[in-house]
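Take a look at the structure below. A short tour follows, one region at a time.

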Amino acid sequence: MAIRAGGIGSGLDVESIVSQLVALERRPINRVQNEQAQVNAQISAYGSLKSKISDFQSAMASLGSASSFKLFQGTSSNESVFTATVGSEALAGSYAVDVQALAERDKVAFGPFADSNTTIGSGTLNLSVGSESFSINVGAGDSLASIRTAINEASDNTGVTASIVNSDDGARLVLSSNETGTDNALSVTVTGDGDGDDGDNAGLSALTYVSGGTNYATSISTATDAVVEIDGFTVTSSSNTISDAIDGISFTAKSVGTASLDVTRDDEAILESVNQFAEAYNALRTEVNNQRSGQLQADSTLLSIEQALSDVLNAGSEIGGSSFRYLIEAGVSVNEDGVMEVDEATVSEKLNTDFNSFVNLFAAEDEGYAARMESIADGWLADNGLINAREEGLNTQLDRLEDDELRLEARLEIVETRIRSQFTALDTLVSELSNTGDFLLQQLASLPAANQ
């Protein structure tokens, strides 16, 4: 690296002079960088605005269907007998439920054997769950533990889990079907037993279990179906969860016994949905106001968003399935500060007096307020929408500014080199003149005086 030490010979402060001149020449670059900062801030502001619009869009989408408001809750009179979950297809009503049997899985134990390292024999172990089966090959040296592992890790395992329980009297191989119900009954047979007999209680065939046939296992539980009587009608299921008996209601049997189910409309959840609608609207309006006093001041985009929202709210129109035309009729209004408010008492009244009109006011396809607001939000966020067009324009401007900065930086390097060269030459010249002057003074001083 070259050492710059201008002004040593002449006394001129060349570095200071050059720095000040370069600083003056840098002012156009500073202006470009300030513009870049402003454009980046605007791009960031649009990103924040898009995020809030996206949240608004999601909120409107979740409220834009009748199922969002057709919310019901189910109450079991005895949750130790059964529990229930209720969906949008349910209807209010009461049901008598009698759980007569629970679904169980096949679970059996073989043994006891000395320990998990005991070898049992050789052959092929065939395991079936219902109509599906798979097999594992067992060698003469394979232990009880290795048989367990082979079953669990079989790539074609059709739903059997093996484990070993070490009890006081020895190790037991426990096999269980993974699913409940008679359709998932377990069976185990042996072929090619190394002792020549596939049916005796010796060698590998000691692991035989066929319900109603050869059986050398201890039963822990037996595959059975759940049997539930609902309002006097019997429903049989391989699972303790029954979801196809009544539309929109899923029962989960817990124990044998009787209880009742009451299905009622969940007005609190519906009110929460209405509040979410208002909160999403207010959050978007707050973001618009924040940007108006920030980076997007005087940007027409904000006015366009406000105008579109206002048009939807103020445009009373016929909505299919609803006797309401305006949100205020259902207890939702916008105050003089532009804040959406929910009158919960009015909402509750309308739910009880005209439920379908209330639901359709928000959720009627293409006509409800949530559906219409979602539609305009979709337009704002579309690839060819208002905000993307603004962002593309800003990014184009940013690219141009970056090119300008590179061009000005290159020019500045040339200017600095020229200025430094000029002042270095001046420094050298002044130094030489100073040296010459000193020499002449010395020479003159050595001349004889004129009067001598």
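D366 counts as exposed, because its relative accessibility is 64%. Exposed means over 50% relative accessible area, buried means under 20%, and partly exposed is in between, with a 1.4 Å probe and protein chains only. D366 sits in the loop between α6 (355-363) and α7 (369-381). Its phi is positive, near 70°, though the residue is not a glycine. Most residues other than glycine have a negative phi, and most peptide bonds are trans.

This is a predicted model, in which local features need pLDDT of at least 70, side-chain atom pairs count only at pLDDT 80 or more, and totals for chains, interfaces and linings use all residues. Residues are numbered from 1 along each chain as its sequence is written, and side-chain values use heavy atoms, with hydrogens and water left out.

Now step back to the whole chain. The protein chain holds eight helices and 17 strands. It is more spread out than a compact globule, because its radius of gyration is 43 Å, well over the 22 Å that the globule rule gives for 452 residues. That radius is taken over C-alpha atoms, and the rule is 2.2 Å times the number of residues to the power 0.38. Helices (H or I, at least four residues) and strands (E, at least two) are DSSP runs, numbered from the N terminus. The C-alpha trace of the protein chain spans about 150 × 75 × 35 Å along its principal axes. Of the 452 residues in the protein chain, 37% are buried. Its accessible surface is about 23700 Å², and carbon and sulfur atoms account for 47% of that. Such areas come from the Shrake-Rupley method with a 1.4 Å probe; for residues, only the protein chains shown count as cover.

Q100 is partly exposed, because its relative accessible area is 38%. Not counting residues up to four places away in sequence, Q100 touches V227, E229 and V256. D404 is 304 residues from Q100 along the chain, and their C-alpha atoms are 82 Å apart.

D231 is another residue with a positive phi. The angle is about 50°, and D231 is not a glycine. Its place is the loop between β11 (226-230) and β12 (233-237). D231 counts as partly exposed, because its relative accessibility is 40%.

Where is the peptide bond cis? The bond from G111 to P112 is cis, with omega near 15°. P112 belongs to strand β4 (residues 107-113).

Next comes a hairpin. β7 and β8 form it, with two residues between them. Strand β7 (residues 160-167) and strand β8 (residues 170-177) run antiparallel, joined by eight bridges. Two strands pair if DSSP finds at least two bridges between them. T161 stands opposite S176 in β8.

T346 is in helix α5 (residues 344-353). T346 is buried, because its relative accessible area is 18%. Leaving aside neighbours within four places in sequence, T346 is in contact with E329, A330 and G331.

L429 is in helix α8 (residues 386-446). L429 counts as partly exposed, because its relative accessibility is 42%.

Key
Contact = heavy atoms within 4.5 Å.
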